[in-house]
Amino acid sequence: RTPISLRAMMRVLVQLLPLFYGPYWVHIAKGDSANLTAQGTVFAIFFSASVSLITIAMLVMELQMENPYQEGSRDCVHVREEIGFIREALQDALSDMSSTWHERLDIQAASSKERSDE
């Protein structure tokens with residue numbers, strides 16, 4: 001498991017990251033001409049939002065993959081379902097034990113039938 005202090009630090013980092021990148025977003029919005037344009041501003045906003053969303057998505061994914069037995073996570077091991085499948089397979093096998101699984105072949109009758117057909 002991930003230590004709680006590391007998880008807390010990641011949550012704080014997700015909140016503070018946009019503040020540290022703020023001057024960089026302004027630089028992107030201004031572009032090479034050092035004038036603020038609508039196109040540059042829209043690009044900087046989308047770039048900033050995508051970086052924040054990717055960081056949050058990675059944090060959520062890490063939390064979901066941390067415990068493989070937690071119900072509802074992406075990488076969940078469904079132990080109850082697997083045990084249910086095993087029980088059904090064993091019950092089917094037990095019910096088929098008494099039935100014949102092969103066809104009895106009488107060799108003498110088959111060979112005499114072949115001779116009569118010729």
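At what angle do α1 and α2 pack, and how far apart are their axes? The angle is about 165°, and the axes sit 9 Å apart.

## What you're looking at

This is a predicted model, in which local features need pLDDT of at least 70 and side-chain atom pairs count only at pLDDT 80 or more, while totals for chains, interfaces and linings use all residues. Residues are numbered from 1 along each chain as its sequence is written, and side-chain values use heavy atoms, with hydrogens and water left out.

## The chain as a whole

The protein chain comes to 4 helices and 0 strands, and along the sequence the pattern reads α-α-α-α. Here helices are DSSP runs of H or I with at least four residues, strands are runs of E with at least two, and both are numbered from the N terminus.

Of the chain's 118 residues, 13% count as buried. Buried means under 20% relative accessible area, exposed means over 50%, and partly exposed is in between (1.4 Å probe, protein chains only). The chain exposes about 10,400 Å², and carbon and sulfur atoms supply 62% of that; the areas come from the Shrake-Rupley method with a 1.4 Å probe, and for residues only the protein chains shown count as cover. As for contacts (heavy atoms within 4.5 Å), take those between residues at least 6 apart in sequence: 35% of them join residues at least 24 apart.

## Helix α2 and its partner

Helix α2 covers residues 38-66, which is 29 residues. From first C-alpha to last, α2 reaches 42 Å, close to the 42 Å expected at 1.5 Å a residue; the expected span is 1.5 Å times one less than the number of residues. The buried residues of α2 are Gly40, Ala44, Ser48, Thr55, Leu59 and Glu66, and they pack against α1 (4-30).

Back to that opening angle of about 165° between α1 and α2. It makes α1 roughly antiparallel to α2. The cut-offs are under 35 degrees for roughly parallel, over 145 for roughly antiparallel, 65 to 115 for roughly perpendicular, and oblique for the rest. Axes are lines fitted to C-alpha atoms, for helices over the stretch in contact, and angles run from 0 to 180 degrees between N-to-C directions. α1 passes α2 in a right-handed crossing; that label applies if the near helix is turned clockwise from the far one by less than a right angle, and left-handed if anticlockwise.

## Residues across the pair

Tyr24 is found in α1 and is partly exposed, at 41% relative accessible area. Ser48 in α2 is buried, at 17% relative accessibility. Ser48 and Tyr24 are 24 residues apart in sequence and 9.6 Å apart in space, again C-alpha to C-alpha.

Arg11 also lies in helix α1, and it is partly exposed at 48%. Leaving aside neighbours within four places in sequence, Arg11 is in contact with Leu59 and Leu63. Arg11 and Ile56 are 45 residues apart in sequence, yet their C-alphas are 8.5 Å apart in space.

## The loop in between

Ala34 is found in the loop between α1 and α2. Ala34 has a positive phi of about 65°, although it is not a glycine. At 52% relative accessibility, Ala34 counts as exposed.
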